[in-house]
Amino acid sequence: MELAGYDEIRSQLKGYVSPPRAQLLWGAENLGNGVYQARLQRKELVITPGCNSPNALVEAGTHLLVACEAGDPLVEVTASNLAFAYGASYFVFEQMPQQEHRAWVEKLYALGAGGDVTAQLADVAARARAWFDGHDLGRFKAILFVTGGFPWGIAFPEVPTTHMYQYPDFGRSVVAGLWASQSPARGARNALLIEPALVQSGEIDAIVKALNKNRTLTRLLPHRAATISRVQHMMDFLPQDVIVISSHAGDARGSRVTYQYEDDDGRQRTLVVDQTHSIGYDRAEDKLPVTEFTRFVSLDGVSWDDDVAKLALPVGTAITAWSKLDMLDRAKHVIAEEDISRVASSMAMLLHDGPWLFISHSFHPAAAPLVLSNCCWSWHEIGLRMMFAGARGYVGALFPVTDVEAQEVGRALFSGKPGEPTFKSLWRAQRQVYGNSPRRPYAVLGLPSVYIPLNPVNSPAYLHEAYRKGIDHWSTAAERYAEEELKENAQRISNFLAEDFDLFKRAISGLHAAGRR
């Protein structure tokens with residue numbers, strides 16, 4: 001079908017739904033608010049320059065509030081559509097400036113430095129509550145914060161709260177959450193539990209029992225099995241509905257490196273970066289896969305975190321020119337290097353063979369996992385990366401927790417009411433563990449409808465088919481690719497799946513022999 005012009009496209013998009021008989025004239029500001037009000041009033045939204053477009057809380061009951069941080073009109077409209085789908089109230093609140101945001105998040109990270117952590121957290125939470133300038137959000141029974149990165153839920157411990165990140169892909173995260181939550185057949189078929197035995201992870205046994213009761217097939221990677229390469233492969237190339245990681249986490253040690261080089265425009269540049277690496281070992285290929293994390297510190301003497309000064313900085317091709325250099329070429333341009341104790345925002349989780357940097361484009365397309373990272377500081381950065389990769393939900397710690405706390409919250413989270421949304425289960429778990437104390441170490445990401453359903457699927461048969469499809473796909477890809485590196489990678493993945501499939505079949509045979517599902 002060929003459509004000519006805006007009016008014809010507009011008509012086709014409307015389909016056969018009767019158009020509204022009235023119009024809501026709205027200005028160019030606060031579009032999310034306008035879209036929602038037009039829907040509630042059953043009017044056609046007409047953007048009219050110069051018209052009033054107030055930002056006010058749109059009331060639609062107190063069962064849920066979708067509170068969206070301002071700053072991105074597309075995010076605001078998407079959050080408005082989400083609020084309409086949930087029949088929720090909708091509110092856009094003032095955006096926190098980037099430098100202030102970084103300072104507040106750093107205060108949360110610094111809670112691990114010692115002192116009275118509970119009192120310090122209460123102070124940050126009070127400042128966060130004051131940000132809402134007298135709006136009584138605590139009167140709602142639940143809140144979804146669409147945030148630029150700060151966990152606003154700590155400001156309202158009296159109600160269950162969850163979060164969604166605006167960046168890098170709010171829309172994709174919404175779709176992943178809706179897709180996984182619409183059918184119980186997609187939420188609890190199998191679980192991967194990672195326990196490198198670096199902490200007293202007593203919650204793992206309790207979580208396994210709760211998931212077994214839920215008819216979820218659990219796979220445990222304990223001790224030496226929890227290696228960087230194996231864990232990464234299991235998460236990238238096999239569908240996982242639930243993932244639990246019990247270990248340590250934190251910003252990794254690394255180095256600060258200064259480069260001098262010429263950009264594509266012939267201009268001499270001085271770039272300072274912080275770098276750290278995660279090095280695994282692929283036993284089958286006898287190779288050392290390396291993941292590098294880089295954080296820009298300054299360019300030509302201007303701090304990368306100084307948003308005002310950067311406006312006057314002619315960045316040009318400085319970053320793209322540096323990015324095009326391979327590791328050997330970059331080494332030729334190093335003029336200074338020093339070890340540093342922390343590469344900010346790197347957030348590595350400790351596995352059996354060293355620190356693991358989770359940086360993945362996508363989980364397996366057949367699943368959108370719910371992830372519990374029961375590690376110190378695991379909310380920071382890791383949650384953002386997990387949600388970008390396609391997780392439907394994520395639970396992590398804002399600051400260091402004791403082994404006992406991690407065990408109690410982990411047990412309570414998975415032993416809650418059947419079918420209860422994850423963010424409400426976490427809220428109940430923290431109330432159960434901490435009572436009236438303001439100490440609330442954990443925060444959650446994900447839609448309010450994300451939960452762990454009772455599994456209706458024959459999990460062994462489902463995974464049997466997933467292995468076969470994966471092996472066939474990557475074997476075919478290895479034959480089809482012309483480039484040698486792509487061919488080798490595809491064959492490596494196929495070999496891994498084939499080897500792990502044999503382990504899986506032996507484990508399932510053992511369960512049947514023992515009379516278990």
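In the predicted model described here, Lys 310 lies over the face of Trp 304, at 4.5 Å from the ring centre. A charge is taken to sit over a ring if NZ of Lys or CZ of Arg is within 6 Å of the ring centre and within 35 degrees of the ring normal. Under this criterion the charged end of Lys 505 also sits over a ring, that of Phe 501, 4.4 Å from its centre. The structure is a predicted model, in which local features need pLDDT of at least 70 and side-chain atom pairs count only at pLDDT 80 or more, while totals for chains, interfaces and linings use all residues. Residues are numbered from 1 along each chain as its sequence is written, and side-chain values use heavy atoms, with hydrogens and water left out.

Rings of Phe, Tyr and Trp (for Trp, the six-membered ring) pair if their centres lie within 6.5 Å; planes under 30 degrees apart count as stacked, over 60 as edge-to-face and the rest as tilted. The count by this rule is 25 aromatic pairs. In one of them, Phe 132 and Trp 152, the ring centres are 5.3 Å apart and the planes stand at 80 degrees, so the pair is edge-to-face. Phe 132 belongs to the loop between α5 (117–130) and β5 (143–147), and Trp 152 to the loop between β5 and β6 (161–165), so the pair ties together parts that are 20 residues apart in sequence. Helices (H or I, at least four residues) and strands (E, at least two) are DSSP runs, numbered from the N terminus. Phe 132 is buried at a relative accessible area of 1%, and Trp 152 is buried at 0%; buried means under 20% relative accessible area, exposed over 50%, and partly exposed in between (1.4 Å probe, protein chains only). Another pair, Phe 501 and Phe 504, has ring centres 6.5 Å apart and planes at 25 degrees, so it is stacked. Both of these residues lie in helix α16 (residues 484–513), 3 residues apart, about one turn of the helix. Phe 501 is buried at 4% relative accessibility, as is Phe 504 at 8%. Ring pairs also link a cluster that includes Phe 93, Trp 104, Trp 131, Phe 132 and Trp 152.

A nonpolar core is a set of buried Ala, Val, Leu, Ile, Met, Phe, Trp, Tyr and Cys residues joined through side-chain atoms within 4.5 Å. The largest such core has 122 residues, and those with the most contacts inside it are Trp 152, Met 235 and Met 386. A second, separate core of 12 residues includes Val 257, Leu 299, Ile 319 and Trp 322. With contact meaning heavy atoms within 4.5 Å, and residues up to four places away in sequence not counted, Met 386 touches Met 235, Ile 245, Phe 358 and Tyr 394, among others.

In β19 (residues 393–397), 5 of the 5 residues are buried, so the strand is largely enclosed by the rest of the structure. Gly 393, Val 395 and Ala 397 on one side and Tyr 394 and Gly 396 on the other are all buried, covering both faces. Two strands pair if DSSP finds at least two bridges between them. Strand β18 (residues 370–374) pairs with β19 in the parallel sense over 4 bridges, with Ser 373 partnered by Gly 396. On the antiparallel side, 5 bridges join β19 to strand β20 (residues 442–446), and Gly 393 has Gly 446 as its bridge partner.

Helix α12 (residues 382–388) forms a right-handed β-α-β unit with β18 and β19; right-handed means that, with the strands pointing away from the viewer, the path from the first strand over the helix to the second runs clockwise. Phe 388 lies in α12 and is partly exposed, at a relative accessible area of 29%. Its C-alpha atom is separated by 6.8 Å from that of Ser 173, 215 residues apart along the chain.

Elsewhere, 5 strands form an open antiparallel sheet in the order β14-β13-β12-β11-β15. Its edge strands, β14 (302–303) and β15 (334–340), each pair on one side only. Strand β13 (residues 290–299) is joined to β14 by 2 bridges, and Leu 299 has Val 302 as its bridge partner.
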